[in-house]
Structure formats: structure tokens, C-alpha cells
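Here is a briefing on one protein chain. The points below are grouped by topic.

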Amino acid sequence: MKIQSNMYINNPDMTSRNIEKKENSSHALVQEDDIQISDSARKLVETARNKVSDFHTMHFSSINGEIREIPAEYKCENLFKLDLKATSISGEQSAFEGCSENQSEVFEKWLDENASEYLIEDEMKDLKEKINAMTADVDFLNAQEGYRGTSYESVFLLSASEAGLRKVNEMYVPEQLQAGFSDMIDEYVHFNDSARNSIMEKMTPDYMVVGIGSKTESYKYKSEIISDETAFYANEKNEISGICNQFLNGKTDQKLFCNEMKDRLNDYYGSRYELRNQPEAVESRVNNMLSKLQHMYAL
């Protein structure tokens with residue numbers, strides 16, 4: 001055990017060993033792995049281990065390996081109380097803030113204010129239903145409790161949703177309104193991206209110790225984690241959007257589209273350290289995401 005102020009490096013093998021309290025000690029010492037540490041130091045170790053457990057529920061997708069250490073002094077905000085907040089592209093309050101769990105309402109309000117003279121009642125109803133189908137699963141994800149920062153699921157669903165909305169704009173929105181509706185899509189994507197990225201940054205600790213294998217460990221510091229996550233998700237967004245656009249524009253058929261998405265999801269979940277040797281868990285997550293995609297595109 002090495003203690004440096006409030007920073008430490010912990011041997012993960014020690015987690016399975018008993019902590020023996022030294023009896024009749026006025027200094028409340030404990031013995032761990034043949035090294036005596038004070039009670040306050042022991043609490044730092046326990047706090048760090050608890051933080052590792054908490055962070056296993058989060059989605060640091062670019063980290064390959066097991067997260068073994070989080071600085072004990074790192075304080076993160078309550079996972080269940082972080083709201084999705086972001087300014088608009090222009091810097092003003094976003095129209096989607098406060099509606100993150102029912103974002104189709106924002107689009108519908110815009111249509112009511114701008115498209116009533118161009119669309120008859122049935123056309124307006126059909127258009128609103130198509131928009132709701134494209135945003136419903138993103139809304140459902142936003143409504144879930146727990147970690148709300150950027151995750152693979154949020155990027156996957158938002159990319160598919162954006163591609164679908166742009167196709168809806170092209171096919172069903174009156175030509176005179178398409179530029180304005182495109183701006184609304186931009187705001188929608190910007191809000192969901194920015195709000196989740198902000199939470200991800202808040203929830204990223206100063207550093208992590210990551211285990212690759214049983215003995216090899218490496219540090220990842222906050223700036224590196226955020227940089228790697230940002231690059232990872234930017235690449236995933238481009239790839240997912242490309243596959244969706246190919247299908248929506250008729251360049252691939254439904255079977256090929258579904259197979260490409262299934263392969264991509266299997267590659268991602270199958271490579272996750274926390275899902276190793278759990279083929280049933282991987283299959284369940286893949287099928288869950290595919291079902292949302294099929295609902296979105298009415299496959």
C-alpha cells in the first residue's frame with residue numbers, strides 16, 4: 001500500500017484478504033497485507049473501493065480493462081439528480097430543456113405554429129406520429145434514472161433518431177419549411193449531445209487505475225479519459241449515421257441493414273470488459289437495441 005496525501009495506489013489482490021484490527025491500540029491501527037495503516041487511511045481505501053463499485057454502473061466506453069481505482073477524495077454529484085441541461089446553438093435557453101423526456105412536443109409545437117397552413121389535419125397527424133416514433137426511444141433513455149452522461153446507447157439511439165428525422169423532413173415536411181425543420185433537428189441533436197457530454201465530464205474523476213490482465217495496471221487521467229471518450233463517440237456516431245443513411249436512402253435493404261447493426265452491436269458489447277464470458281448478457285443487450293431501432297424505423 002502506498003499512501004500519498006489523499007492519493008493512493010491499491011493492490012487489487014488485497015480486496016480478498018482480511019483486515020485485521022490490532023487490539024488494544026490507542027491509535028486505532030489496522031493491519032492489511034502486513035502493512036500497518038491508520039483508521040483514516042483504511043477509510044480512504046474503503047471509500048475508493050466503493051467508488052470503483054459505483055463507477056462500474058457507468059459507461060466509460062473507451063476504457064479497455066477493469067477499473068480498479070478511483071481517487072478516494074473524488075466527489076461526484078448524485079447520479080439520480082443530474083438534469084439534462086444545455087443552451088441552444090445560439091447560446092440561449094434550449095427549447096428542449098425541460099422536455100427531455102417528451103421531445104416530440106417541441107417539434108409538434110413548432111409544426112402547429114408554422115405548418116398549419118400547409119398541411120391538412122390528417123397530414124399533420126401522420127407527420128407528428130412519425131416524429132414521435134423517431135424520438136420516443138431517446139426520450140425513454142432520458143427518463144431513466146442513474147448515469148445520464150454520454151453512453152454508447154445514447155449515441156446509438158440519437159444517431160439513428162437524427163437520420164430518421166432528416167428523412168422525415170425530406171419526405172413529409174413542406175418544402176417551404178424544410179430549412180426551419182432542419183434547424184430544429186440541429187437543436188435537438190445539440191441539446192442531447194451537449195447535455196450528456198456535460199454530465200459525462202462532471203462524472204469523470206481526476207484519474208482511474210485500470211487493470212489490463214491480472215498484473216498490469218495503468219493510469220488514465222481526466223483529460224485523457226474525456227479526450228478518448230469524445231473521439232470514440234464521434235467515430236461511433238459517424239459509423240452508425242452512415243449505416244442508417246444508407247438504408248433510409250434505399251442503398252441497402254432491410255436484411256442487410258439489420259445484419260450490419262447486429263454485427264456492430266455484437267462487436268461493441270462483446271468487447272466490453274464487464275461483459276466478458278457472458279454471451280447471454282451480450283445477446284440481451286444487442287436484441288434490446290435492435291428492437292428499439294426496429295420500432296424507430298417501423299421494420
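Predicted model: local features only at pLDDT ≥ 70, side-chain atom pairs only at ≥ 80, totals over all residues.

**Briefing**

A298 counts as exposed, at 68% relative accessibility. A298 is found in the segment after α8. Its phi is near 55°, a positive value in a residue other than glycine.

**Confidence**
- The average pLDDT of the chain is 85.
- At least 70 is the score of 87% of the residues.
- Residues 1-32 are an exception to note: pLDDT there is below 50.
- That stretch still has 65 contacts in the model, beyond near neighbours in sequence.

**Chain overview**
- The chain holds eight helices and eight strands.
- Of its 299 residues, 43% are buried.
- Among contacts with a separation of 6 or more, 69% join residues 24 or more positions apart.

**Nonpolar core**
- In soluble globular proteins, nonpolar side chains tend to be buried together.
- The largest nonpolar core here has 68 residues.
- F107, F156, M208, F257, M261, Y269 and Y297 touch the most other members.
- Helix α5, residues 178-203, gives the most to this core, with 10 residues.
- Leaving out residues up to four places away in sequence, F107 touches F96, I131, T135, L165, F181, M184, I185 and Y188.

**The α4/α5 pair**
- Helix α4 spans residues 152-172 and packs against α5 at an angle of about 175°.
- Their axes lie 10 Å apart.
- Angles over 145 degrees count as roughly antiparallel, so α4 and α5 are roughly antiparallel to each other.
- On the α4 side, the residues that meet α5 are S154, L158, S161, E162, L165, R166, N169 and E170.
- On the α5 side, they include Q178, F181, S182, I185, D186 and Y188.
- V189, N192, D193 and R196 of α5 also meet α4.

**Loop residue T150**
- T150 is found in the loop between α3 (121-143) and α4.
- Buried means under 20% relative accessible area, so T150, with 5%, is buried.
- T150 touches H59, V155, R196, N197, M200 and Y233, not counting residues up to four places away in sequence.

**Loop residue N277**
- N277 lies in the loop between α7 (254-271) and α8 (279-296).
- Phi of N277 is positive, about 60°, although N277 is not a glycine.
- N277 is exposed, with a relative accessible area of 76%.

Terms used:
Residues numbered from 1 in each chain as written. Heavy atoms only, no water. Core = buried A, V, L, I, M, F, W, Y, C linked by side-chain atoms within 4.5 Å. Buried < 20%, exposed > 50% of the residue type's maximum accessible area, 1.4 Å probe, protein only. Helix = DSSP H or I, 4+ residues; strand = E, 2+ residues; numbered from the N terminus. Contact = heavy atoms within 4.5 Å. pLDDT = per-residue confidence, 0-100. Axes fitted to C-alpha atoms, helices over the stretch in contact; angles between N-to-C directions. Parallel < 35°, antiparallel > 145°, perpendicular 65-115°, else oblique.
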